[in-house]
Every structure is written in C-alpha cells, then in structure tokens.
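I opened this notebook to record what I looked up in one structure.

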Amino acid sequence: MPSRRCALHFLAATPLLTLACRALARPARAEPGEVYDGELLVPAWRGDERLDPPVPPGRIAATTSRGERAALSRRVQTQHPRVFSIANANDRYTVWLEGPKAATGQFLVLPDGTVAGASSWGPGGGSGGSDTVTFQVDAASARGLAALWGVPVRDRSPLGQGLVARWRPRKPSFKPGEPVEIELVIENTDARAAYVSVGGRQRGPRDNRFDFEVRRSDTKLPKIEAYDFGGLMTYAKIIPGAPITLVVDVRAWAALERGTYQVACRYGAELVVDPTTNASWPAHAHELWELELTGAVEVQID
C-alpha cells in the first residue's frame, strides 16, 4: 500500500502529467508554407454580441486574413508549388499545389501566420494524375511563399501595346426594327503580332465581351440584362496592315426607337503570348493580359 507521501507526490504530479499528455496530443505548430485540413469555426451570436467558438482539443487555432477563426488538423503533404499572377497589376496571385487530397476544408499557412482557404480543388491536373488545390493570395504573401519554397514568382507582362480600337456605326442611319450594328475595328501598330480573344462569352442572347451604355440626350437608357454561359473562344492574330473587324447589334443592350443616341462602347479582350498554349494553367497562366478597348459613337434611327 503506498504511503501518504507517495500519494501526495502522485497527486502533485497529476496536473503536470495531464499537461504533458495534452501537449503530446496537440499537433505541431502550423508553419508558413504548409497545408492543413481544417474547418472554419462559425461564430455564434447572443443578441448583438459575437461569441467565437473554442477550438476543439487537438486542433491548431488559426485566423484568416478576414479575421475568421479556423481550426487546423492534419498536415497535408504537397509538392511542385507554382505561384503566378492573375491580375494585370500583379497584386493578386494563385498558389497551385499538387498532392493534397481534394477537399473544401484545406488551408495554406501564409508567411504572416494567417491562413488562406482553398479557392479550388479537384482530382487530376497534376503530374501522374495527382490531385491539385489552389489558393488566392496577395503579392506579399505570394513572394514570401515563393521564397520559402525556392520557386519563381511568375508576373504578368503587358501585351498589345500597339493595339488601336476604332468604333463606328455600320451605316449613317438605321430604320426602326432593323439591326443597329456597330463595328469594332482592331488594328496593330506594333511590329509584333498580337493575339486577341474573340468569343468565349457568346453562349446566350448576346456576346458579353461587348458592353454598351446608351443615352438619349441626357437620359441613360436601362440596360437589358442578359447572362452568358461561356462559349467557344479563339484568338485572332493581328499584325500591322491586317486589322480585324467585329460587328455587334447594340439592340441587345437597350431598347431603341427613332432618335439620336450616344453610345459608350467597351470590349473586354484577353491577350495571350502564344495561342497554342492558351495561357493554360499552371505553366502558362501568367502569359495573359486583360485589355479594355473603349470608344464612343452616335447612332441615328430615322
């Protein structure tokens, strides 16, 4: 039978043993550049007071850049990281990783200690058919992660600096009820060829690469809502002396009657370095440049 002194020593050691067991059960601290399974903790509310739920035992507490709380669990092995820009300003980037099991509840630990949730995931797409997962991060996080992994940051570079857009009505005037067609002529004043997207947003009632704001005197006409579901896209090669012409009926954007209308025109083009690679992810995703071709015309309906 143990002595009273032994019992006291055991009782005194119990809290230390409990703390040690808890420490062993808890995962290691989340390190920048690592990916973890996990979940966002949805806050509860009591009146106007926000109540953040506690992190379950054995999980690592984390915070997203938006201040949301997350609980991280199993670390996921990843490989072949790629970091590339998804914006002309090079202020938004995608981190693309192979290896993790595709799941919605995955988080990437950023250099500042916050986490980013997965923006897309799916089977295949990686080498050997491995799963892939992507995260969207800002420029500072992108460069910090790339430095941790020893991989390059792939930025966007301007394309199509020599492109010139000319907008014009196809006729001096139109009759009521007939197509009110506007032409967009795109020419290239640069010696280098430019590859400009055509289509890709025309599966629907109109081609939504175009956009028009129509006014009559000082009154802005209501814009007709029309959604698209993508569509076949090609790239037109434009070289000096060989412009291309695109034609569109502006009645798909506004109801027109007799009168004179002022039309603000926009075409959202995507330019690529090489149409054979088509800015494909992940190796060529940064070889893209978004360009708005704008102008204004006056349309007469007699």
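**Entry 1. Salt bridges**

I began with Glu 68, which forms a salt bridge with Arg 66, the closest N and O atoms being 3.3 Å apart. The criterion I applied is a side-chain nitrogen of Lys or Arg within 4 Å of a carboxyl oxygen of Asp or Glu. Glu 68 counts as partly exposed at 28% relative accessibility, whereas Arg 66 is exposed at 69%. For these classes, buried means under 20% relative accessible area, exposed over 50%, and partly exposed in between, with a 1.4 Å probe and protein chains only.

I note the basis of these entries: the model is predicted, local features need pLDDT of at least 70, side-chain atom pairs count only at pLDDT 80 or more, and totals for chains, interfaces and linings use all residues. Residues are numbered from 1 along each chain as its sequence is written, and side-chain values use heavy atoms, with hydrogens and water left out.

I then asked how many salt bridges the rule gives. The count comes to 19. In one of them, Asp 37 pairs with Arg 74, with 2.7 Å between the closest N and O atoms. Asp 37 lies in strand S1 (residues 35-40) and Arg 74 in strand S5, so this pair ties together parts that are 37 residues apart in sequence. Strands here are DSSP runs (E, at least two residues), numbered from the N terminus. I looked up the accessibility of both partners: Asp 37 is buried at 17%, and Arg 74 is partly exposed at 47%.

I also found a salt bridge between the side chains of Glu 178 and Lys 171, at 3.0 Å from N to O. Lys 171 is partly exposed, with a relative accessibility of 36%.

**Entry 2**

Two strands are taken as paired if DSSP finds at least two bridges between them.

I checked the individual pairings. S4 is joined to strand S5 (residues 69-76) by four bridges, and the two run antiparallel. Within this pairing, Ile 60 stands opposite Leu 72, and Ala 62 stands opposite Ala 70. S4 and S5 form a hairpin with five residues between them, and Gly 67 in the turn has a positive phi of about 85°. S1 and S5 are antiparallel and are joined by five bridges. Val 76 in S5 is the bridge partner of Val 35.

**Entry 2. Pockets**

What volume does the largest pocket have? I read about 280 Å³. A pocket is an open set of points on a 1 Å grid over the protein atoms alone, where a 1.4 Å probe fits, with protein on both sides within 12 Å along at least five of seven lines; lining residues have an atom within 4 Å of a point. Of the 16 residues in its lining, Thr 64, Ser 65, Val 115, Ala 116 and Gly 117 are the closest to the centre of the largest pocket. S9 and strand S11 (132-138) are the elements that give two or more residues to this lining. By class, the lining of the largest pocket has six nonpolar, six polar and four charged residues.

The second largest pocket holds about 190 Å³ of space. It is lined by 14 residues, and the closest to its centre are Leu 159, Gly 160, Arg 192, Ala 193 and Ala 194. Strand S15 (194-199) and strand S20 (259-272) each supply at least two residues of the lining of the second largest pocket. That lining divides into eight nonpolar, four polar and two charged residues. In these classes Ala, Val, Leu, Ile, Met, Phe, Trp, Tyr, Cys and Pro are nonpolar, Asp, Glu, Lys and Arg are charged, and the others, Gly among them, are polar.

Technical notes
Points joined across faces, edges and corners; volume = space filled by probe spheres on them.
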